[in-house]
Amino acid sequence: MSETKQLETVTVNVDGVEHAFPKGMNLVDAVASIGSEIPHYCYHPKLSVVGNCRMCLIEMGMPMRDRATGEALLDADGKPKIGWMPKPAIGCATTVAPGMHVKTNSPLVRDCRNGVMEFLLINHPLDCPICDQAGECRLQEFATDYGRGYSRYTEAKNVKPKRTRIGPRVMLDDERCILCSRCIRFSKEIANDDVLGFIDRGSYSTLTCFPGKQLENNYSLNTVDICPVGALTSTDFRFKMRVWFLKQVDSICTESSVGANTEVWSREGKIYRVTPRRNDEVNDTWMTDSGRALYQLAEAENRLLRYAVDGQPSSFEAAIAASLDALKGRRLGIVASAHASLEEQFLLKRIVEVTRARVFMAYHQGEGDGILLSEDRSPNLRGALLTGLIDSLPAVDLSALDQALTAGELDSLLVIHEDLSALGVSADNLAKTKVVFAGTHSNATSEAAQVVLPTLTVFERAGSFVNQNFRAQRFKSAVPGPQGIASDLTLLETLAALVVGETPTHPDVNTVWQSLSVANPVFAGLDYNGLGSMGVALEPGPLAELPFVETRNLKYNPR
Amino acid sequence: MAKTKVLERKPLSLAERTYLPQIVTGLKTTLVNMLRPSVTLQYPEERPVIPENYRGVPTLVKDPNGREKCVSCQLCEFVCPPKAIRITPGEIADDADTAHVEKAPKEFDINMLRCIYCGLCEEVCPEEAIFLQDVFSVSGYSREEMINNKQKLYELGGTLPDRHRKWDKKKAAELQGAAHH
């Protein structure tokens, strides 16, 4: 990190004002960082530069030097003379350089943009009323900002293939395509699945899949995100809702320990889509398709929607009373979850302490793809280590718990989220044990449980996860949970307090963080709001040396 | 202290005392109005003539081919000040005649208890599919009855001439195909 402090800066004059930028910064990014804008379509900060849309044309000049002596030439006022390039240059292929002068809004630049917009709109169909991109379309935005406002084109527009399925999750409309090639570069450079390309020439240029191939990799929906127009649209989100109705809330993907930063788009309590949020330390601007589909869990058929005792619907109070009966004065086992948030794990740790329960945990693993899907398929295993819920890496399954149950060492179980029968606990052992299940979806364990305590999904509660790089990241509640279900924090706090006969409080993430920052020096000085939208890298100390299952991926590099 | 000004009360003239001129003036007014054409309508048996640009109940219209013009872009839902409009967008089946339009409303509800007849929905519609026409009187026995669903809206709207034929042209171009292939 010490390198970033010593970053060299260069001074660039943008529209007459001197600004200092880090050396090597792209001009489009540099101008964006001072709150101004160079409009662009094909440039993307995480992809290679091609410079084919010509929208980012600017005027550029450098201080003139005497050819013989190399000394700076000065004008009458004693200021350096600027040699402006005779023609505009594209901003995206320009790196900031010392003394560089840039005009982003001169008459010539405005003329250039106007001309580029007119050419782009010549063959662009009037599909805005039926186009999913409307409302977040760069072409729409720049047409109003920089376009002429009416069309001079009287000939027939080009006809190209429409409504083409180029993959299981992506639709292509070639008439809308402005040939920026972002999707092609993404497939090639990030997803390592080179399936897209242009065919034909001139105004007949058409985006298409290579013969016999499909855009079906697990990152295909990122092409939809980066498409500046409505050429690539998501089949899942297709015609579901206009984006201007949707509310965006920052969240974290729970698919794997990568912890991709996401935005959850919802309207009136219904989630319509999940998109990645830029975080250069975690996921750049990408996320997996499978991670996006997880929003469907919030409205899944098997969602647990009511408290139940012995299979009969009950009230929160009755369910808590029945749970206490199972927790108190028995040989208790607690099955913790790496899907629980840091705050919930911290509260669960309190229950463990007061009940002296044995803690079991499963290490959910799957195949990683080396990009943004890691081998650890839970978002918060490192949180469980940091809160002290577990002190070493858990086993892949719960056979230890099964053995303990077979040996009759435990009378009752408090299970958070996990499905025990899928993790190697036999049905017989489950049946003879008193089980309290707290989770979001019904499974074999919730069927067998005496007490079922429904909880909220990641979209409905607030909290934080610690990802593969020990980065604490917060997620916010995007939609309200099902009616009458208490938050996980309230549930765990109520259990923890009542087990020792205290009066339960109503905790929120902030109050839990107050205790958390005292309990573990790793969290000292931090609070929920302090995590910010980008998260905070923690210093885990010796925990980082544990043999985690993750292998190298986009932002993880094990030593 | 406000000053009071005492006005002198003039005695009535002879004409005023007889009261006859006033009666004659009144009779004249009555006579003039008797001879004028009647403007009273025997509502509801008689109905007023509704002007062309009248803002009555919002309706959905079809084009002369019988195609529903609405493509559920939801701009009217967005612009509606009292939030009376509620649309569920849907997709047109691939084998339909109008498959090239791609999108049509699955459900389209206008809550006439909320509607304020402002006409913004008609003004914003990019497809000229919603019109405030000549129906001005709506009533019902329940709140549900007062919500016009898609079927009711098309019954009220009927068919209006289409000056642009945007989608017909689009289909013709699509059938003709790209010139270079």
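## Domains 2 and 3 of chain A

The C-alpha centres of domain 2 of chain A and domain 3 of chain A lie 36 Å apart. The model is a predicted one, in which local features need pLDDT of at least 70 and side-chain atom pairs count only at pLDDT 80 or more, while totals for chains, interfaces and linings use all residues. Residues are numbered from 1 along each chain as its sequence is written, and chains are lettered from A in the order in which they are written.

The domain assignment of chain A gives domain 1 (9–119), domain 2 (126–298) and domain 3 (302–545), with bounds that come from an automatic or database domain assignment.

## The side of domain 2 that touches domain 3

In chain A, 28 residues of domain 2 are in contact with 27 residues of domain 3, contact being counted where the C-beta atoms of two residues, placed from the backbone, lie within 7 Å. On the domain 2 side, β12 (247–252) and β13 (261–267) of chain A each supply at least two residues, and the largest share, four residues, comes from β12(A); strands are DSSP runs of E, at least two residues long, and helices runs of H or I, at least four, numbered from the N terminus.

## Helix α14

Helix α14 (residues 488–499) of chain A has 12 residues and reaches 17 Å from its first C-alpha to its last, close to the 16 Å expected, a span taken as 1.5 Å times one less than the number of residues. Just after α14(A), Gly501(A) takes a positive phi of about 80°.

What covers the buried residues of α14(A) includes α8 (316–327), α9 (342–355) and α15 (509–519) of chain A, together with the strands β20 (434–439) and β21 (451–454); a residue is buried if 20 or more other C-beta atoms, placed from the backbone, lie within 10 Å of its own. Among these buried residues are Leu489(A), Leu492(A) and Ala496(A).

Definitions and conventions: A residue is buried if 20 or more other C-beta atoms lie within 10 Å of its own, exposed if 12 or fewer, and partly exposed in between; C-beta atoms are placed from the backbone.
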